[in-house]
Amino acid sequence: MLHQAAVQAVRSIRADMHTQKKLDGMLRYLEVHGQHVGSIELWSRYPRSSCLRQFPPSVKLRSLQLARVQVQLQPGGGFQGVLGAAAALTALTQLQLTSCDLLDDAAAEPLAAALSQLPAGMQNLKITIRQHRRDEQLQFPTAVLQQQLQHLTYLELAGVDLQGPNEETPALQPLQALTRLVDLRLSLAQDGGVDVTASMLSDTHNLTRLDLFGSIEPSVLADKALLLHARLGKTAGGAAAEAQLLSQLQPLQQLTHLSLWGSLQAVEEGNPPAAAYSALTASSKLQRFSFHNCTLPTGVWQHVFPAGRQLQHLTWLRIAGVKQPSGEYASAPEGSLLASCCAGLQVLDMTNLQYSAEQLSSLQGLTSLHTLHLVATEPLLEMVQALRQLAGLRALQLDASSTAQGGLLLQLTAVQQLTRLKYEGPVTNGGDCKDISIRLRVS
């Protein structure tokens, strides 16, 4: 048993609730000592392994974080619900429900009811619901943002049905009231309309991170000079809007992380021009850069990685699935081009890009490169020989599902510097494709 002084020193609980027995034990502890605990962070490594329906009444939390836990929010079935008593929430400043399953019997209302009770002092709110009912989505009334949650500095939403203040007002218009936001992350269902407009974020000048998975206006980046981390979804408005997005990226000189997931698709003949894509790497502080599943004009690499530009901090680059306007996958950039611009590159994902053995060999100039993602190309033997020349390579992820030669897996043993290999492809000639992960022991 803990000494009383030690018990009073316990202000925070952080634990893996992978069994109901372990969760019940924690609740028994809180029944006696809950008044001393101000922060609880619980997660479960196994989905549906434990159910949390209420806390003892003595618990008054400042921070509650639940991940992959089945949880009841509101009163019902003889339980109070973890957010059922408004009096117990008065000190709460952080609430995070990450990939949780809700146990509430009500249809799509428990989340909305819980939000209405959150205190005005909330600063950190994350709601990413894993599921509720097959035919229902939990309702998130966005009016609560402008009515009582204007002090939020962090907001993350996913897997919820956004309900606007009224039928005429866009669901996310209340974001305009969150002038203190520093970190905004939204994952939205794309329905063909514009989900996030510039006016919604017109007063969020303090943003340092912006994740928007949905349809956006390119001008959402205007006046966001403090941005360090940007992840953007599809741009609404065609080639002209994409050109505007590129122009908005140009002045963001503090960016360290940039991810464009299918954002650039509408390139037309000469619009945007290839030179405009130089804005993608305008920030010399980039550390991680990804623009996979985009469509870019032919000859764009010399502008994305121009001569004389030094991206000294870039260690992670994902250019997987990039296509040309014709619909074909683009050729990979020359290794010499990358080496002159991104000398410190460590991880490179070129999945689905077209490349020759010579291009693969030219990656030798990237002396820090240790991880490479590729799709196997013919002739396979020349590809393997090129991989052998990359002396620093330690991890390889290779998709060989399009080849019928099962001997490739054996050939890869010649790449002796590898310590990890993830391979998808035939193991024997004519055999089925298999996903194999191998850790190699280095003597």
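The model in the viewer is predicted, so local features need pLDDT of at least 70 and side-chain atom pairs count only at pLDDT 80 or more, whereas totals for chains, interfaces and linings use all residues. Residues are numbered from 1 along each chain as its sequence is written, and side-chain values use heavy atoms, with hydrogens and water left out.

Asp 349, at 8% relative accessibility, counts as buried.

Zoom out before moving on. The protein chain has 10 helices and 21 strands, these being DSSP runs numbered from the N terminus (helices H or I, at least four residues; strands E, at least two). Its C-alpha trace spans about 70 × 55 × 45 Å along the principal axes, and buried residues make up 49% of the 443 residues. The structure holds 7 salt bridges.

Move to Arg 14 and Glu 41, whose side chains meet in a salt bridge at 3.1 Å, N to O. Because Arg 14 lies in strand β1 (residues 12-16) and Glu 41 in strand β2 (residues 39-43), the pair ties together parts that are 27 residues apart in sequence. Colour by accessibility here: Arg 14 counts as exposed at 60%, whereas Glu 41 counts as partly exposed at 23%.

Then select Arg 45 and Asp 16, where another salt bridge brings the side chains to 2.6 Å, N to O. Arg 45 sits in the loop between β2 and β3 (51-52) and Asp 16 in strand β1, so this pair ties together parts that are 29 residues apart in sequence. Arg 45 counts as partly exposed at 45% relative accessibility, while Asp 16 is buried, with a relative accessible area of 10%.

The last stop is helix α2 (residues 20-33). Its 14 residues, at 1.5 Å a residue, should span 20 Å, and this agrees with the 20 Å between its end C-alpha atoms; the expected span is 1.5 Å times one less than the number of residues. Show the side chains of Leu 23, Met 26, Leu 27, Leu 30 and His 33, which are buried in α2. They cover an arc of only 140° around the axis, which puts them on the same side of α2, the arc being that of the directions from the helix axis to the C-beta atoms. An α-helix has 3.6 residues a turn, so residues three or four places apart point the same way. Finally, turn to the other side of α2, where Lys 21, Arg 28, Glu 31 and Val 32 are exposed.

Methods:
Buried < 20%, exposed > 50% of the residue type's maximum accessible area, 1.4 Å probe, protein only. Salt bridge = Lys/Arg side-chain N within 4 Å of Asp/Glu carboxyl O.
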